[in-house]
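Thanks for making the time this morning. I would like to walk through one model, going from the overall fold to individual side-chain pairs, and I will give the cut-offs as we go.

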Amino acid sequence: MLKNKKLLVSLLFLALVMVISACGGGGDEEGTDTGGDTGGDSGGETTMQGDAANGAEIYQSNCMSCHGQEGAGGSAPGLQGNEMASDYDAVVEQVKSGGGGMPAFEGQLSEQEIADVSAYIAEKVAAMGK
């Protein structure tokens with residue numbers, strides 16, 4: 001009986017590790033600075049705008065496994081037509097800090113990669129559902 005419990009706990013732990021790694025992997029890409037700094041007058045913490053074209057590849061590598069192809073949804077909420085997903089600064093904060101079951105990508109993705117994927121989500125993905 002004890003042997004079966006240990007096996008079950010080990011299998012559950014392995015499954016949990018696999019789910020977490022599927023939603024948080026792919027942070028080994030080099031970011032590129034596109035010179036998209038908007039300056040300090042934006043009123044928020046975010047001073048860098050991303051490049052949505054670069055963000056598409058980052059989305060494929062880091063977000064699609066949970067949010068689905070083109071943000072249609074999967075094990076995580078769909079982003080198409082989502083009001084929060086169309087707010088660039090809110091997306092940047094969510095990607096950096098995570099929360100609500102989503103892992104934080106600050107430290108896994110560069111600032112530029114976070115800006116790029118946030119621009120892709122806000123400009124392209126969120127608009128798909130409207």
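The protein chain holds 5 helices and 0 strands, where helices (H or I, at least four residues) and strands (E, at least two) are DSSP runs numbered from the N terminus, and along the sequence the pattern reads α-α-α-α-α. Please keep in mind that this is a predicted model, in which local features need pLDDT of at least 70 and side-chain atom pairs count only at pLDDT 80 or more, while totals for chains, interfaces and linings use all residues. Residues are numbered from 1 along each chain as its sequence is written, and side-chain values use heavy atoms, with hydrogens and water left out.

Turning to the chain as a whole, 29% of its 130 residues count as buried, buried being under 20% relative accessible area, exposed over 50%, and partly exposed in between, with a 1.4 Å probe and protein chains only. The protein chain exposes about 7,800 Å², of which carbon and sulfur atoms supply 56%; these areas come from the Shrake-Rupley method with a 1.4 Å probe, and for residues only the protein chains shown count as cover. If we take contacts (heavy atoms within 4.5 Å) between residues at least 6 apart in sequence, 61% of them join residues at least 24 apart.

Next, the core. In soluble globular proteins, nonpolar side chains tend to be buried together. A nonpolar core here is a set of buried Ala, Val, Leu, Ile, Met, Phe, Trp, Tyr and Cys residues joined through side-chain atoms within 4.5 Å. The largest such core has 21 residues, and those with the most contacts inside it are Y59, L79, Y88, V95, L109, V117 and I121. The elements giving two or more residues to this core are α2, α4 and α5, and α5 gives the most, with 9 residues.

Leaving aside residues up to four places away in sequence, Y59 touches M64, H67, G68, E70, G71, L79, V117, Y120 and I121, and Y59 counts as buried because its relative accessibility is 0%. How many aromatic pairs does a search of the whole structure find? The search finds 1, formed by Y59 and Y120, which is tilted, at 5.6 Å centre to centre and 55 degrees between the planes. The rule pairs rings of Phe, Tyr and Trp (its six-membered ring) if their centres lie within 6.5 Å, and planes under 30 degrees apart count as stacked, over 60 as edge-to-face and the rest as tilted. The pair links distant parts of the chain, with Y59 in helix α2 (residues 52-62) and Y120 in helix α5 (residues 111-128), 61 residues apart. Y120 is buried too, at a relative accessible area of 10%.

One of the residues that Y59 touches, E70, lies in the loop between α3 (64-67) and α4 (88-97). Phi of E70 is near 55 degrees, a positive value in a residue other than glycine, and E70 is partly exposed, with a relative accessible area of 41%.

On charges, the count comes to 1 salt bridge, a side-chain nitrogen of Lys or Arg within 4 Å of a carboxyl oxygen of Asp or Glu. E111 forms this salt bridge with K96, the closest N and O atoms being 3.3 Å apart, and the pair links E111 in helix α5 to K96 in helix α4, 15 residues apart. E111 is partly exposed at 41% relative accessible area, whereas K96 is buried at 19%.
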